[in-house]
Amino acid sequence: QVQLVESGGGLVQAGGSLRLSCAASGRTFSNYAMGWFRQAPKKEREFVGAVMWSSGRTYYADSVKGRFTISRDNAKNTVYLQMNSLKPEDTAVYYCATRPWATAQAMAFMTKSDIDYWGQGTQVTVSS
């Protein structure tokens, strides 16, 4: 089993920054990708980005490319989502997620039902 716990959400003005954290525990993660997804009210959950635990290779959705950065600290089993230049349309509940043996790029094409493990989510609200 894998447990994922997000933190770091909050309220920020447009143009501001936030950093989310996802602490992972349970099974080992050397061959996993860790992904970030988000879900705005009345919208489908969508892919934001992902990182490979082993290589640090990342993959991002076009909507956040250049503004968001994912990193990981293997010693702490923690993945981070640094969000800069935030926009009101970034407002959503943000979830970290993983599926054994998935690559970062493959997670971009996964739906909610394809993912094996989800965190509880953290709210990000960007005011205009």
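# Briefing: fold, disulfide and backbone of the chain

Of the 128 residues in the chain, 46% count as buried. The model is predicted.

**Overall fold**

- Along the sequence, the elements follow the pattern β-β-β-β-β-β-β-β-β-α-β-β.
- Along the principal axes, the C-alpha atoms fill a box of roughly 40 × 30 × 25 Å.
- When contacts between residues at least 6 apart in sequence are taken, 59% of them join residues at least 24 apart.

**Disulfide**

- A disulfide is a covalent bond between the sulfur atoms of two cysteines.
- Cys22 belongs to strand S3 (residues 18–26) and Cys96 to strand S9 (residues 92–99), so the bond links distant parts of the chain, 74 residues apart.
- The link of Cys22 and Cys96 is right-handed, with 60° about the S-S bond.
- Cys22 and Cys96 are both buried.

- Lys42, a residue other than glycine, has a positive phi near 65°.
- The place of Lys42 is the loop between strand S4 (33–39) and strand S5 (46–52).
- Lys42 has a relative accessible area of 90%; exposed means over 50%, so Lys42 counts as exposed.
- Ser85 is not a glycine either, yet its phi is positive, at about 50°.
- Ser85 sits in the loop between strand S8 (78–83) and S9, and S9 is the strand that contains Cys96.
- The relative accessibility of Ser85 is 41%, between the 20% and 50% limits, so Ser85 counts as partly exposed.

**Surface and charge**

- The chain exposes about 6600 Å², and carbon and sulfur atoms supply 47% of that area.
- The chain carries 14 positive and 9 negative charges.
- The mean position of the positive charges and that of the negative charges are 3 Å apart.

Definitions and conventions
Residues are numbered from 1 along each chain as its sequence is written. This is a predicted model: local features need pLDDT of at least 70, side-chain atom pairs count only at pLDDT 80 or more; totals for chains, interfaces and linings use all residues. Side-chain values use heavy atoms; hydrogens and water are left out. A disulfide is a pair of cysteine sulfur atoms within 2.5 Å. Helices (H or I, at least four residues) and strands (E, at least two) are DSSP runs, numbered from the N terminus. Buried means under 20% relative accessible area, exposed over 50%, partly exposed in between (1.4 Å probe, protein chains only). Contact means heavy atoms within 4.5 Å. Accessible areas come from the Shrake-Rupley method with a 1.4 Å probe; for residues, only the protein chains shown count as cover. Lys and Arg count as positive and Asp and Glu as negative; His and the chain ends are not counted. The place of a charge is taken as NZ of Lys, CZ of Arg, CG of Asp or CD of Glu.
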